[in-house]
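Student: I've got a model open and I'd like to talk through its side chains. Can we go over it together?

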Amino acid sequence: MASTNKLSGIVNKINRLPDFARSRALTLFFGKVVPFTGTTGIRIESLDHERCVISLANKRRVQNHIGGVHAVASLVLAESATGFLVGLNVPDDKVPVIKTAKAEYTRRAKGDMTVEAHLTDEQRERMRTEEKGDVSVPVVIRDSEGKEPIEIEMVWAWTPKRR
């Protein structure tokens, strides 16, 4: 697919790297572009225009008082995955912004966390063609047992850049 913006062009180039280097290169790149993500310990497993997968190891620095990944860290995973995905699809003359983040914690999370976000072709087309709008980005977060301890909804908006 042709680049929709500068960010997309860079990610397309990184995705042409050998498999062993791709995840590390994506993680390092986004750690520089979005400085906060560089401090969180997240790892971008895969990223393209339709799908983003990010993981976070359950290490002491991200744990809560009961030894699981902290609730806010899980939201960072979801916000990052959906934000990177929206960022790849919004043209350079638009700016993506988070509009709504909702989380319902349904069970205790065990071990490492992985989040997967998706955009449909229709959602991507809207981002490319509509001057402004919003979209609910489907996202699933799983723990090391493959269970979904959190139900998350992320709504992203895009508006024209102010000049």
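What follows is a set of questions and answers on this predicted model.

Student: Let's start with charges. How many salt bridges does a search of the whole structure find?

Tutor: In general, side chains of opposite charge can pair when their charged atoms come close. Searching the whole structure for such salt bridges gives a total of 13.

Student: Take the one between Glu116 and Arg51. How many residues apart are the two?

Tutor: Their side chains meet in a salt bridge at 2.8 Å, N to O. Glu116 belongs to strand S4 (residues 113–118) and Arg51 to strand S2 (residues 51–56). The pair therefore links distant parts of the chain, and the separation is 65 residues.

Student: Is Arg51 buried, partly exposed or exposed?

Tutor: Buried needs under 20% relative accessible area and exposed needs over 50%. Arg51 comes out at 33%, so the label is partly exposed.

Student: Now Lys94 and Asp93. Which of the two is buried, and which is partly exposed?

Tutor: These side chains also meet in a salt bridge, at 3.2 Å, N to O. The cut-off for buried is under 20%. Asp93 has a relative accessible area of 34%, so it counts as partly exposed. Lys94 has 11% relative accessibility, so the buried residue is Lys94.

Student: Where do Glu145 and Arg107 lie, and how many residues apart are the parts they tie together?

Tutor: The salt bridge between Glu145 and Arg107 is 3.4 Å, N to O. Glu145 is in the loop between strand S6 (139–142) and strand S7 (150–160), while Arg107 is in the loop between strand S3 (94–105) and S4. Glu145 is partly exposed at 43%, and Arg107 is partly exposed at 30%. So the pair ties together parts whose separation in sequence is 38 residues.

Student: Which residues are linked with Asp121 in a network of salt bridges?

Tutor: Here the salt bridges join up into a network. Besides Asp121, its members are Glu50 and Arg124.

Student: On to helix H4. How many of its 19 residues are buried?

Tutor: H4 runs over residues 71–89. From first C-alpha to last it reaches 28 Å, close to the 27 Å expected at 1.5 Å a residue. The rest of the structure largely encloses H4, because the buried count is 15.

Student: What does Ser80 contact, leaving aside neighbours within four places in sequence?

Tutor: Ser80 sits in H4. At 3% relative accessibility, well, the cut-off is under 20%, so Ser80 counts as buried. With those neighbours left aside, the contacts are Thr37, Ile42 and Ile54.

Student: Which element gives the most to the largest nonpolar core?

Tutor: That core has 37 residues, and those with the most contacts inside it include Phe30, Leu77 and Val137. Val137, for one, touches residues including Leu85, Ala117 and Trp156. The top contribution is eight residues, and it comes from H4.

Student: What kind of aromatic pair do Phe29 and Phe30 make?

Tutor: The count of aromatic pairs comes to two. Planes over 60 degrees apart count as edge-to-face. The rings have their centres 5.2 Å apart and their planes at 80°, so the pair is edge-to-face.

Key
Residues numbered from 1 in each chain as written. Predicted model: local features only at pLDDT ≥ 70, side-chain atom pairs only at ≥ 80, totals over all residues. Heavy atoms only, no water. Salt bridge = Lys/Arg side-chain N within 4 Å of Asp/Glu carboxyl O. Helix = DSSP H or I, 4+ residues; strand = E, 2+ residues; numbered from the N terminus. Buried < 20%, exposed > 50% of the residue type's maximum accessible area, 1.4 Å probe, protein only. Contact = heavy atoms within 4.5 Å. Core = buried A, V, L, I, M, F, W, Y, C linked by side-chain atoms within 4.5 Å. Phe/Tyr/Trp six-rings, centres within 6.5 Å; stacked < 30°, edge-to-face > 60°. Expected span 1.5 Å × (residues − 1).
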